[in-house]
Amino acid sequence: MSSLSRISLSATSNPAMSSGLTGGSFADAPTPPVERRESDPPLSRRMTWWGWGERIALATAVVAIAIASLGASQASAADKLTVLLDWFVNPDHAPLVVAKEAGYFARHNLDVELIAPADAASPPRLVAAGQVDVAVSYQPDLLLQVKEGLPLVRFGTLIGQPLSVLVALKDGPVKSLADLRGRTVGYSIAGFQEAYLARMLRSAGLAPSDVRTVNLNFNLVPALLARQVDAVVGAFRNVETVDIRRHGGEPLVFLPEDNGVPPYDELIYVTREALRGDPRLPRFLAAVKEATAAIAADPAAAWKVFAAAEPTLDDEPNRQSYALTASLFAADPGRLDRDRYDAFARFMREEGLVEAVPALDTYATELR
Amino acid sequence: MLLLRALLVALGLFVLWQAVVVLFAPAPYILPPPAAVLAALAERPSLWQGDLLTTLSEAAIGLVAGTALGVLLALAMVILPPLRRILLPVTVVSQAVPVFAIAPILVLWLGFGLAPKIAMATIAIFFPVTSAFHDGLLRTDPQLLDLARLYRAGRFAQVRLLRIPAALPSLVSGLRVAVVYAPIAALFGEWVGASSGLGYAILHANGRSETDVVFAALLLLAAMSVVLRAGVDLLTRNLTPWAPESER
């Protein structure tokens, strides 16, 4: 360590090293180290070996390239749109990936950038803060965010049904929801999972206080397989069930919509209030609609497009997950089921997650 | 006096925070005003009655366990020098592995109670203690050691009478570093599986976009760290009367 620092010290204090660059020949005999004099120009000046001619030429080149690229971007002139996903790219995002890769966005004159977030809770806030244009989010969370004052509007649906389920293991102690009494249930961070668990427990004649809950922050499957918890909520029926089987477990799935929770859109598109009338959004939805139709018409061909864009996802678990998901994408992403949204908002109020049911038009819209 | 000074510093920080809020007028979900955060604290007594106590006990037990482990390791390495060649790399490896990465595994091994969080805090704390105390033990005045040998003091007597007293100031420095890391390590443990604690509260509030509650929990965490650090300072103040601190 000390010898290393001594070497680098001598290198910087030895003017011979830099004078080699100022124009002297490299073949010169090594100059003995000399003391730096006050009259010597500073090292930084002596280090620059370019004259004014080269500098002007470089500056001209930079300006020329800048002008050329500006012209090129104006020639293609596709409108940029940044879309923040809810989670790292997975088969749930197939319509978006296919729309981008198979040119549906381009046909609608959009240049869409898909970004995966570091934290599933942050995309709506980044949209509200103006950092991105569109986020993929969840209908239940949207109500919580609107309650906290985030100026968000849902303008489309990616998956128009719940994906989240309560999962136990077939060979575990839980055979029915009533068996959860006195058991431990794990969940992830998403805001409304306690309410949804409470409603499912009540549908089986239990009270929320009959189970112990643990926040697992997305480590659902390992905790379930290690039998640290007896069941988990918030696992996706098309992702975690595949994962459990892959690790040798047999999942026992309870659907929220069959056990007292009103149906809702698992994945939605949100933007901020200021972009409600933005002309890019109807074009975005039209492109996603076409991509969804293409997936429905030929799921295998669409998977090839998806896998080519995301080669790391081209494995058996993701193929199985895609097979379970391909029929679930909203065929008409722009459609808004007003009654269903209001019914779900009432559920959120009944479970005490929001104080009042907000007027639907304040947080959701149907772009036509 | 100390308390008054702490209050004044806290007040100054609050004024700065309020000034930022007034000047830049950020949306409350980006930066909530201090009043909203204090209101969140008042509205949710469970934050300081439950979550704070959970995290505090995790950090405090981890601090005691980590200090004990660190002191024992350092003593073992000095009493049995060959052991150092084995233990020193192991302690370094234990720090090279981020607690964040092993937290999910510790939870699978130890469950969701206090145990994995205490383990995390212990892992984070023992290293600065071992490292500082070991350095201190080795840096004993060689002339004193020569003198002890002339008086035919045994190895244990040398350690007990000379090396440990000489190393106490270093131990205190190590402790002061470690105490700041203890709550963070406990928080990491809560991040991957918890039913209570400040980390749990932060995750929960983050999932519900309740930025004011996130800040309220962070405020409690900061206050806890300051109190823990002050506690260590107080406990160790008279430990080394022969090596007083001088500010001038």
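Domain bounds here come from an automatic or database domain assignment. For chain A, that assignment gives domain 1 (78-161 + 265-363) and domain 2 (164-258). Their centres, taken over C-alpha atoms, are separated by 25 Å.

Before we look around, a word on the model and its labels. This is a predicted model, where local features need pLDDT of at least 70, side-chain atom pairs count only at pLDDT 80 or more, and totals for chains, interfaces and linings use all residues. Residues are numbered from 1 along each chain as its sequence is written, while chains are lettered from A and ligands numbered from 1 in the order in which they are written.

**Where the domains meet**

Two residues are in contact if their C-beta atoms, placed from the backbone, lie within 7 Å. By that rule, 16 residues of domain 1 of chain A are in contact with 13 residues of domain 2 of chain A. On the domain 1 side, α14(A) gives the largest share, five residues. Helices (H or I, at least four residues) and strands (E, at least two) are DSSP runs, numbered from the N terminus.

**A sheet of five strands**

Chain A has an open sheet with the order β7-β6-β8-β5-β9 and mixed pairing. Two strands pair if DSSP finds at least two bridges between them. The edge strands, each pairing on one side only, are β7 (212-215) and β9 (251-254) of chain A. Further in, β6 (184-187) and β8 (231-236) of chain A run parallel and are joined by three bridges. Take G186(A): its bridge partner in β8(A) is V232(A).

**Two helices crossing**

Now find α5 and α12 of chain A, which pack with their axes 8 Å apart at an angle of about 105°. Axes are lines fitted to C-alpha atoms, for helices over the stretch in contact, and angles run from 0 to 180 degrees between N-to-C directions. That angle makes α5(A) roughly perpendicular to α12(A) (65 to 115 degrees; under 35 is roughly parallel, over 145 roughly antiparallel and the rest oblique).

| Helix of chain A | Residues in the contact |
|---|---|
| α5 (residues 94-101) | A94(A), P95(A), L96(A), V98(A), A99(A) |
| α12 (residues 280-297) | A287(A), V288(A), A291(A), T292(A), A294(A), I295(A) |

**One residue up close**

V153(A) lies in strand β4 (residues 152-159) of chain A. Is V153(A) buried or exposed? V153(A) is buried, because 22 other C-beta atoms lie within 10 Å (20 or more count as buried, 12 or fewer as exposed and in between as partly exposed, with C-beta atoms placed from the backbone). V153(A) and R276(A) are 123 residues apart in sequence, yet 7.2 Å apart in space, C-alpha to C-alpha.
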